[in-house]
Amino acid sequence: MTEEMLKNFLRKYKEGQIPDEEAASALGKLFVEEMGFAAVDHIRELRQGFPEVVYAEGKTKEQVAAIMESLYERGQGNIMATRASREKYDYVQKLLPEARYDETARIIYIERKALPAEKDGRYILIVTAGTSDIPVAEEARLTARLWGNEVHTCYDCGVAGIHRLFAHLEEIRKANVLIVIAGMEGALASVVGGLTDKPVIAVPTSVGYGASFQGMAALLSMLNSCATGVSVVNIDNGFGAAVMASKINHLSRGEE
């Protein structure tokens, strides 16, 4: 549901093209569609600028497909299902041929709003400590791109070879928002935070040996960063980091 779609509906009702009973019934379905196993939020795009995103893990392929089909029929924006398997994608793709799958990001998506051709120089930069962090980074990259952002990446730039990071210093300083993704001890977020005056969103990953406690060590390290302007999202939450980065990036453009 976009603002234009809502205005069009209200215009038709005002002109008498839609009877009262039909309008009341339609409005109920326009806002939230009860599917038994899910209540699909059709006005999230109106409120937040992007439709509801399906978290596919824990859902059956039939449930994922049904929710995505509902979002497709009632909206005009891009559609995503995160943490999705190829099996679920194969099922969805039969019902929605436009659906695509990013194996690394584990995202099923339908792109109906492309990134504007004109670039304004404001971009989100995603930096990872290691190659093992790339799946989380790719979840963030694709999410941010589908949200209408220009996205750059610098992968495998961790503190074990800090000179690799300094090779990207100019790109780091020019970025409008940065997402820094690291496992192990998570030190990279503090380092990058000390090199830029822009917001840094840190993402701890579950990459590491036993004492990393599946990302808890990196999470606590990032939360205790002495670099200013560093915020932290949950472990492996590339999606959440990208949403926050996108909102910051759009605000700086003067967009709602």
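**A surface patch and its members**

Analyst: In this predicted model, a nonpolar patch on the surface is formed by Phe213, Met216, Leu220 and Leu223, which together have about 410 Å² of accessible area.

User: What makes Leu223 count as exposed?

Analyst: Exposed means over 50% relative accessible area, and Leu223 has a relative accessibility of 54%, so Leu223 counts as exposed. Leu223 has its place in helix 10, which covers residues 216-223.

User: Which value does phi take in Arg83?

Analyst: Phi of Arg83 is near 50 degrees, which is a positive value in a residue other than glycine. Arg83 is found in the loop between strand 4 (79-82) and helix 5.

**Buried residues in loops**

User: Why is Ser225 called buried?

Analyst: Buried means under 20% relative accessible area, and Ser225 has 18%, so Ser225 is buried. Ser225 lies in the loop between helix 10 and strand 11 (230-232).

User: What does the side chain of Ser225 reach, and which residues is Ser225 in contact with, leaving aside its neighbours within four places in sequence?

Analyst: The side chain of Ser225 reaches the backbone nitrogen of Ala227 at 3.1 Å, and since a polar contact needs a pair of N or O atoms within 3.5 Å, that distance is within the limit. When neighbours within four places in sequence are left aside, Ser225 is in contact with Ser190 and Val230.

User: How do you know whether Ala175 is buried or exposed?

Analyst: Ala175 has a relative accessibility of 0%, and because buried means under 20%, Ala175 counts as buried. Ala175 is found in the loop between helix 8 (169-174) and strand 9 (177-182), and its contacts, leaving aside neighbours within four places in sequence, are with Tyr123, Leu125 and Lys198. Ala175 and Gly77 are 98 residues apart in sequence, and their C-alpha atoms are 26 Å apart in space.

**The aromatic pair**

User: How many aromatic pairs does the rule give, and what makes Tyr89 and Tyr101 stacked?

Analyst: By this rule the count comes to 1 aromatic pair. Tyr89 and Tyr101 form that pair, with 5.3 Å centre to centre and 15 degrees between the planes; ring centres must lie within 6.5 Å, and planes under 30 degrees apart count as stacked, so the pair is called stacked. Tyr89 lies in helix 5 (residues 86-95) and Tyr101 in strand 5 (residues 100-102), so the pair ties together parts that are 12 residues apart in sequence.

User: How many helices and strands does the protein chain have, and what share of its residues count as buried?

Analyst: The protein chain has 11 helices and 11 strands, and of its 256 residues 46% count as buried. Among contacts between residues at least 6 apart in sequence, 68% join residues at least 24 apart. The accessible surface of the protein chain comes to about 12,800 Å², and 53% of that belongs to carbon and sulfur atoms.

How values were computed:
Residues are numbered from 1 along each chain as its sequence is written. This is a predicted model: local features need pLDDT of at least 70, side-chain atom pairs count only at pLDDT 80 or more; totals for chains, interfaces and linings use all residues. Side-chain values use heavy atoms; hydrogens and water are left out. Patches are made of residues with over 30% relative accessible area and no salt bridge: like charges are joined within 9 Å, nonpolar side chains (Val, Leu, Ile, Met, Phe, Trp, Tyr) within 5 Å. Accessible areas come from the Shrake-Rupley method with a 1.4 Å probe; for residues, only the protein chains shown count as cover. A salt bridge is a side-chain nitrogen of Lys or Arg within 4 Å of a carboxyl oxygen of Asp or Glu. Helices (H or I, at least four residues) and strands (E, at least two) are DSSP runs, numbered from the N terminus. Buried means under 20% relative accessible area, exposed over 50%, partly exposed in between (1.4 Å probe, protein chains only). A polar contact is a pair of N or O atoms within 3.5 Å; within protein, one must be able to donate a hydrogen and the other to accept it, and residues adjacent in sequence count only if both atoms are side-chain atoms. Contact means heavy atoms within 4.5 Å. Rings of Phe, Tyr and Trp (its six-membered ring) pair if their centres lie within 6.5 Å; planes under 30 degrees apart count as stacked, over 60 as edge-to-face and the rest as tilted.
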